[in-house]
Each structure stands twice: as structure tokens, then as C-alpha cells.
Amino acid sequence: MVDGKFPQEVWPHEWIKQIRSRPARHGSSKRMRQVDLAGRAGVDPRTVQQWENGDRLPSAGSLKRMIQAFFEDGLFLENDPRTEAEGLWSAVKRFSEARSATSRDFPAFDATWFETLALPDGRPAGPVKPVQPVSIPGASKLPRLASHFIGRTGAQSELEDRLGQYRLVSVVGPGGIGKTSFAVHAAAALSQQFPQGIWLFEFATIKDSPGLSQLLMSTLGLQGQPHRTDLDLVLEALSGQKVLFIFDNCEHVIDACAAVAESLLAGSEGLCILATSREPLNIGGESVFRIPPLSFPADELALQDLPAEEITAFEAVQLFVERARHSAPHFQPTIRNLRLVGAICKRLEGIPLAIELAVSRLNMLTLEQMEERLANVLTLLTSGKRTAAPRQQTLRSAIDWSYDLLTGREQLLLRRLSVFSGGFSLEAAEYICSCEPGLARREDPVIAEDMLDLLSGLVNKSLISIEISGDDRSIRYVMLEAIKEYTDGKLGEESDGYKRHLLSERHVHYYSQYLVRAEPKFRTREREACIGEVRQEYANLRTALEWSYSNPQARSSGLHMVSNLYWFWLHEGRLKEGILWLDRFLDSKGDNEPPGADYIKAMHGKGVITFIQGKLESAQTAAKRSVELARGLGESALLAASLRLLTFIHIRQKRFEEAEATVQQSVDLSRSAEDLWNLASSLHAYGKLRLEQKDYHEASLLLNESVRIFESIQDQWEISGPYESLGYSALKLGNLQSSMESFKKCIAASQIYQGAWVLSRGIEGLALALFSKKDYTEAAILLGAAEKGRQRSGAEAKPNFPLEHEEAFLALQHVFTEPKLGELWSKGREMSRFQALAYSLEV
């Protein structure tokens, strides 16, 4: 301290502690204790300790009350209290802005307010005029929503519960999510809880702290008084009142809103505040309510099976249909149209503003055209209501508003995050979007060590959302598609080609290594979890494949990825997509490049998928090529797998001698390598061969050994294959109960598998066993369900055991009349995957 004053570089915590510890010139106590300051500032004593330890900085509202307490007790320098008070304020402001990871500006020192403290009793000298009593004239008025409010019944109940527990609740979400309408609708139901009124303060046009206090005064109908602050007048008017304030659109004046809210809540016990913002106020006692999008169909495939009443149960669909009835009278909610609406709402991710803008296009586009054009959301949704605020007239302007409130580093990171599709992990963001290790911050301001703080800022501002796994073991970050499209455009505008190339290259490398770690789990008890994880990352994997294929120098990375992905396509039933990518990268290998392990695995994968599709010639060509290459490179595991594939092909072609030779080699290779997974799979192929040769007892021995090995390595999915064959073996031996049990085990093991081809085979087998038991009704229903599964799976369309299937079908035509058989068959075909699965296991 110099001449009794603190220099500029003194830390705020030192300044606060020094001033508080001075002897008081006024008041009853000689020195102010921490607990005394806490009471005067309206905070917990622990907060004062944190201020004085440098662990925390006071908010603007707390700092005002602190300065007032210091002044009233005579702790500032007697001859120049304002200079010292202003210096303390400037120090807190400087350090607060330096520490902030956001773009918030700490408000400037309010000299007019301080001068009112400096006057005797806060009043001017001269004749004393009586203070005019302050009260709120008239009743509160909430605006009527322009249209019928749709959905969010559960969210409204939760918000009401929050307002019963907390005095400050902030409804937080991205632009266009419907924060204002939700808050107003929810508040309208709370009039009995707030008998003195509910007031809406719309801050969208406010630019600074003075404008905010003026809006409070004008909305409440209060008049300013000389030498009294607006805040004091509002607090006096609220005395003894049970009132709810709605602070709407706080994000661009977030610090001023936080300071005012903190002061109002400290000074008025009957006040509750409901704030809407794209980020929380971050003050004590705040409960953050993150408003989700409207519910929408998450699975487009399942959508095709849903009845109308289930589709219209989604809130997003309800909103679309309700608005369409008013703006497009020609719209009819037929089942076909509802399925298109469901697909559109999925693409718009349940964002109310986006849905309203899409409906406005119905006078120009059909639903089919709209779904097709929604590949570019921001381009299509450019015409909103003229009466809406500018930031809400288009989806782009809503995102512009949020983007412009970010710091430069946050904008840079958000642009880079557009490289992801469908979400990402913290580790992926750190690897892909931060600068190279050792690169100076001045060359790249986004470093891995800052990633968590920067991401937290983007989450707080509702540009990134968080998904927590059901077991709370992982967190995933997600960007709405509209925001991704916007930031991808910004990346193209504001980054050079080399930097964009480097970003995509790192994205490919990260997800290529991700697959290397995931692929071995496919043959373990972790298979189900592994499939779920890859399913979650599949949008990123597809993006990496697309970039690799479009950049010839990166095609080796793409080949590496597809060689580790074919099993996923097989399990998910994405057979056509799998073949597309396998062919692309297999065909792009140069003639002078020697084929390696990646090429062999990819060729084997192509053979497996084309075999499942029933394309035997293509499958045989791929299988023979992979056998030849694997043998030449000494890849024993790949060789055993390719020989096994060739065995299944020979069995289908009724070439049993060739099948005997290839399957024996596959089994021997697996036994010698002690490769249990390959051995169990090859024993299944051996049992299948014996089944086709009508040696049912030998087939059962081989298949049961396959089951035992799969059980020992805890592979609960691959076991479905030998169980299916055991079902047919038992059926041929006349053991109908054993046959049904085996088919049901096959069906149960298929539950984790999204692709329908294995499930449909198990259902077909169970239907044939039921037919043999003379349970004709159940057999007819399940044969219909199996037919639908085959047709939708992309696999071979003809039945697995065509002779037995044909025999059963012809017999059922004599059991039932044609209309009755058609009715039963249709009942099976109309079942969803889950209904068919449940019916099969319960029959």
C-alpha cells in the first residue's frame, strides 16, 4: 500500500481482507468480522472466506453490498472513500474478466449509486422531502400465446416442482427450443402460488445494465425518485409481496441479469424468478432446468411399423400437425403423411422453431419434397413470421445470435467441432480439435489442457448438449444438426484448406484407431457393449469413410476401417451399405500395391455379406481370393475363417465333397492355433454339412460341441447359428419339444442383433416345428412374420429350408380357407420386430 492507497496490481482478495480488518469509525463493532460481512452482503460466511483466500470473486451485486457495508462502517479512507471504492471495484472487474472463459463483461462502477451513499442518510442536503411510498400499480399481465401450446406436460410439472423448491430457476436451451413460450405457459398455471402477480420482462432489446433496470421500472409502472436507485424502488415495491418475475432472454446481458437477480432475491423474501437464457446465470441458489427438444421418432426404420396413434404421440409430430391444420388446410394426417412428418421431425430434432418454419413451407412443397430438401436445414428454413423478433425469424438468425456471444476461442472450437457427426467424447475432441502437442498458444489458441473449460462454456451457452450413459460411466457431447450445418459453413469461410484437411485427417486417424480397439471385442462377451458403442459412433465412422474415399492418399485408411467394420454391418443388417463401402475401397487398391491383411479381411467381409444376400457367385469369388491371399501371407486365423465361408457356400451349392475338405482344414487350423472362437464357428459349419447330408446324429454332436465352446467364451450371439441348426436336426429326428427349445434359444440370442436375417431364420424354424406339432394357427402367423423379416433384412429372400417351408405352406392351404390363411399370414407380417420376437418366445 502506498500513501494509504492500494496500487493497481493488488489482488482483490488482499484488498477485501485489508479493508474489512480496519478499525470501524462508525457502528457498534470495532472491527468487521467475516460473519458480519457475510450478513451484510447476503452471502454465506464460507463465501467471504473464499473471497479473502482468492478462491472466488464476488458478483457485481455482492460487491455493491460489500462496498455499502464498508462505507457505512467507515472502513474506506476518510478523505477519499470513492476513489478507494472505485479502485476495489476495478480490481474485481479486471480479475473477473481475466478469469472468465466466456465473453461476459463485468459491469462498470456505478458512481451515481455511490454518491447516494455519500449523502447524509442517502438524501440530499437542504429541506427534507418525505419519501414517496412505492407500490406496483395495477395487476400483472402475461401475454397470451399466439397459438396453442403443444406438449411438455412432464417438463411443466417438473418446472412447477422446481419453483416450489428454489427461488431462482433458469430455463436453459439453444435458440428456437421454445424457452419463452414454455416459461410463459408454465407460469400461467401458477397464479395461485403468486397472488400478487406474475410479471414478464423481455430483455431481448436491452443492451446494458441501466437499460435493464429501466425496463424493470417501466414494466412494473414505477416512477424514478431523486437520489434513490431503481433497484431500491423495485425492492420497496416488492415488500411483503408474493411475486414471480420472468426474466426472458438473458444471455446477451447475462452479468447484469445475474447481478439484478441476486440483489432482488436477497432483498425480497417473497420473490421468485424464472429466467430464460441460452446459459445459466451462475449465481447462488440457482436451479438450472435444461429444456429438451420435443419428443420425436428416433428410429426411421421402426417408424414404418408404427400405427398412427403411436406416431401422433410424439410431441414434435403433434406440433407439426396442429400448425399444418391452420396454415395448410389441404394437409391430411393419413398414415403415409404421418410417417413422412415423423421423418421430418426426426431430421429437425424436435426443435419447435424449425418445425414451425418447416410447416410454413407446406404451401410450396409436398412432404416428400420437404424431407428430401432437409439435407440443408438452414437453406430451407429461411422464412419465418414477420412479427417475430429478428433473431427468431429464421433458424440461421437464431444461431447467429448465440454464435456472436461467444469468445474467439469458443468460436474457433465450435467451428472445429463441426467435423464430428452424431456426437463425440471429450477424448476425441482433445485429440482432433486441439493444436499439435508442443505448438505455442499464439499459433493455435485451442490446446488440449483448455478443452474441458472451453467445452463447458459451449455447453453452458446451449450450443453443445450432454448425454450421460445409463450407467453414468460415460459422457457424450452432441451438437444439433442445424448448429453443425451452421458451424461447418463458418469453418469453410474462416479456415484455409490446409487446416480443414488436417482436421479431417486427424478425425480419420482417431476413428481408425478406435476401430482397431473395438474389433477384437467382437469375439468376446463384450460383443453387445461393443456393438452399442460402434452404433453410437457410426455417424463419425461414416464421415471418416466418406472423407477417406474422396482423398486418394487416405484410401488405405479407409480400407483399414472397412476391414474392421464388416462384422458391424453384418450384425446391424446394413448389408447394402457394407457392400458399397467394401467394394469402393477394395476396387481402389492400386495394381502395384501388394495386398495386405486389411485387404484380405475386407475381401473376406465382402464374401460373408454377399453370401448372406444369396449372391453365391460373388461370395465364392471373394472367399477363394481371401483363402489364396491368407494362405500366402500365413494369416492362419483369416485362412480358417475364409475356408469356413467357402464351406457354407459349397453346402448351399450341394457340393459336399469340396465342403468336407474345406471345413476339415478350417477345424484343424483352429484346433492347432487353439483359436476357440474360430473352432466353434467351424464346428457349426461341420454340423451344418452333416445336417445337409442327413446324418442328424453326427450333426447334433458337432453342433452341441460348437454350443459348448461358444458358451465357454461367453459369446451369446454367435451361438444363435448352431442353435438354429440344432433345431432343424431335432425336427428331423422327430424331437419336437427339443426342436422348439433350440429355435427359441436361437431367437433369444438374436435379440441384441439389429439385422433381421438371423431372427427371421429362427422364427421360420420355430414355425415349422409348430406346424409339425399341428399348431397350425401359430405356424401360419410366424411364417408370415418370417417372410417379412427376410424381405426387410436385405438378405436372401427365399426360405432357409425351402422344401420344408413349401411343404408346410401347401398343407396350411388345406387346413384354412384362403381368406383365413391370408388373415393369419398378414397378422404375422404386420408385427413389428419386437412383437414378432415376443410372440415367438411366448408361443
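This is a predicted model: local features need pLDDT of at least 70, side-chain atom pairs count only at pLDDT 80 or more; totals for chains, interfaces and linings use all residues.
## A parallel sheet

Residues are numbered from 1 along each chain as its sequence is written, and side-chain values use heavy atoms, with hydrogens and water left out. Helices (H or I, at least four residues) and strands (E, at least two) are DSSP runs, numbered from the N terminus.

Strand E1 (residues 168–172) pairs with E5 in the parallel sense over five bridges; two strands pair if DSSP finds at least two bridges between them. Both belong to an open sheet of five strands, in the order E2-E3-E4-E1-E5, with parallel pairing. Strand E2 (198–202) and strand E5 (286–290) stand at the edges with a single partner strand each, so one side of each has no neighbour in the sheet. From one strand to the next, the twist averages 20° (axes are lines fitted to C-alpha atoms, for helices over the stretch in contact, and angles run from 0 to 180 degrees between N-to-C directions).

What joins E2 to strand E3 (residues 243–248)? Five bridges do, and the two strands run parallel. Look for Glu202, whose bridge partner in E3 is Asp248. E2 is also mostly covered, with four of its five residues buried. Here buried means under 20% relative accessible area, exposed over 50%, and partly exposed in between (1.4 Å probe, protein chains only).

## Rings meeting rings

Now for the aromatics. Rings of Phe, Tyr and Trp (its six-membered ring) pair if their centres lie within 6.5 Å; planes under 30 degrees apart count as stacked, over 60 as edge-to-face and the rest as tilted. By this rule there are 28 aromatic pairs. One of them is the tilted pair of Trp11 and Phe95, at 4.7 Å centre to centre with 35° between the planes. Trp11 lies in the segment before helix H1 (12–20) and Phe95 in helix H5 (residues 81–99), so the pair ties together parts that are 84 residues apart in sequence. Trp11 is partly exposed at 43% relative accessibility, whereas Phe95 is buried at 16%.

Phe771 and Tyr776 have ring centres 5.6 Å apart and planes at 55°, so this pair is tilted. Phe771 is buried at 15% relative accessibility, while Tyr776 is partly exposed at 23%. Ring pairs also link Phe522, Tyr538, Trp567, Phe568 and Trp677 into a cluster.

Helix H24 (residues 497–518) has 22 residues and reaches 32 Å from its first C-alpha to its last, close to the 32 Å expected at 1.5 Å a residue (the expected span is 1.5 Å times one less than the number of residues). Its buried residues include Leu503, Tyr510, Tyr514 and Ala518. Among the elements covering the buried residues are helix H20 (408–417), helix H23 (481–494) and helix H25 (527–550).

Arg506 is another buried residue of H24, and its charged end sits over the ring of Tyr431, 5.8 Å from the ring's centre. That label requires NZ of Lys or CZ of Arg within 6 Å of the ring centre and within 35 degrees of the ring normal. Arg833 has its charged end over the ring of Phe834, 5.7 Å from the centre.

## A buried histidine

His604 lies in helix H29 (residues 597–612). Is His604 buried or exposed? His604 is buried, with a relative accessible area of 5%. Leaving out residues up to four places away in sequence, His604 touches Tyr566, Ser626, Ala641, Ser642 and Leu645, where contact means heavy atoms within 4.5 Å.
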